Structure formats: structure tokens, C-alpha cells
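Visitor: I would like to go through this structure with you, starting with the rings. Shall we begin?

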Amino acid sequence: GGVGKTTLLARINNKFDKEVNEFDVVIWVVVSKDLQYKVIQDQILRRLRADQELEKETEEKKASFIDNILRRKKFILLLDDLWSAVDLNKIGVPRPTQENGSKIVFTTRSKKVCRDMEADDELKMDCLSTNEAWELFQNVVGEAPLKKDPEILTLAEKISKKCHGFPLAL
């Protein structure tokens with residue numbers, strides 16, 4: 001946690017959201033530890049602008065609706081913070097294929113989740129090196145505060161080291 005998985009996924013989402021791209025729809029879903037299919041479906045339906053009309057429907061009806069819409073679209077589904085595998089059929093998300101050109105990208109702390117989700121590619125995110133961490137710290141804090149007093153600089157370096165290269169902590 002804190003290595004930058006969500007930040008990277010957010011950047012991907014923002015890039016696809018702002019620029020013209022090959023996808024008909026970009027869907028961001030926060031999953032979290034307490035996996036709830038209804039919550040995932042509701043986030044997808046909100047993005048498809050169909051949440052109001054299906055608010056009181058069963059998970060099965062929502063899944064059928066989502067499947068019917070997404071089968072006709074080229075989509076990218078961004079699933080953030082998976083702690084266990086998600087059953088795409090239960091949500092109503094069709095499997096991406098080369099033919100439909102759709103994609104699913106997810107973040108997780110677990111290699112097992114990658115295997116269970118049958119990920120085609122994995123990207124392991126490491127902590128920053130000591131030098132990279134110090135550069136990030138300086139960029140965030142700014143030059144002026146660090147130059148005000150030599151003690152501040154010494155303390156800042158100690159704080160940076162205690163963050164062990166985790167961007168979120170820095």
C-alpha cells in the first residue's frame with residue numbers, strides 16, 4: 001500500500017477521459033477489501049448513465065443489462081484495489097478479447113489475485129530509491145521552506161528516509 005497503484009490508475013483514467021481515444025466508454029470502479037457486487041454494478045451503471053432506471057433491480061437484471069450494453073461497446077474497465085478475484089460474469093462484464101478490443105486493468109497487492117483474474121500482463125510497482133524519494137519530497141515541499149533554516153533541511157532528510165520510498169507517505 002502507498003506505492004502508487006491507485007495514482008497510476010487515476011492517471012490512466014484521466015488520460016482516457018480527457019483525450020479522444022479508441023474506447024467507447026471508460027469505467028472506473030473502486031472495489032476494496034469488502035467485495036460487493038451490487039456496489040460494483042452500481043458504479044458501472046452510473047458511468048453508463050443507467051443507474052436511476054435500474055436502482056431497484058436485482059443483481060441478475062443489472063448484470064444482464066450491463067452485459068447487453070458492454071457487448072456492443074469497446075470499453076476499458078479500471079478496477080481499483082482488488083483484494084480477491086472478481087467474477088466478471090456476476091457483474092455482467094463480458095470478457096475482453098482481441099475481437100472486441102476491450103480491456104480490463106486492475107490494481108492489487110496480491111500476485112494470487114493476478115493469477116485468479118488470469119491477467120495477461122503484470123506490472124510490479126516498487127518503492128522509490130532514496131534519491132528518487134528525496135527528489136519527490138523536495139518537489140512537494142518546495143525549495144523555499146527547505147532553505148529557510150539548516151535544521152529544517154536536516155529534519156526533512158530524516159523524514160524522507162523514514163518514508164522508505166513510499167510516494168503516498170512522502
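Visitor: How many aromatic pairs does the structure hold?
Guide: The structure, a predicted model, holds 2 aromatic pairs. Rings of Phe, Tyr and Trp (its six-membered ring) pair if their centres lie within 6.5 Å; planes under 30 degrees apart count as stacked, over 60 as edge-to-face and the rest as tilted. Local features need pLDDT of at least 70, side-chain atom pairs count only at pLDDT 80 or more, and totals for chains, interfaces and linings use all residues. Residues are numbered from 1 along each chain as its sequence is written, and side-chain values use heavy atoms, without hydrogens and water.

Visitor: What kind of pair do F16 and F23 form?
Guide: F16 and F23 are edge-to-face, at 5.3 Å centre to centre with 90° between the planes.

Visitor: And why is the pair of W134 and F137 classed as it is?
Guide: Their ring centres are 5.8 Å apart and the planes are at 15°, so the pair is stacked.

Visitor: Is F16 buried or partly exposed, and why?
Guide: F16 counts as partly exposed because its relative accessibility is 22%. Buried means under 20% relative accessible area, exposed over 50%, and partly exposed in between (1.4 Å probe, protein chains only). F23, at 11%, counts as buried.

Visitor: Which lysine lies over the face of F23?
Guide: K74 does, at 5.8 Å from the ring centre. The criterion is NZ of Lys or CZ of Arg within 6 Å of the ring centre and within 35 degrees of the ring normal. K33 lies over the face of W83, at 4.4 Å from the ring centre.

Visitor: Changing topic, why does K62 count as buried?
Guide: K62 counts as buried because its relative accessibility is 1%.
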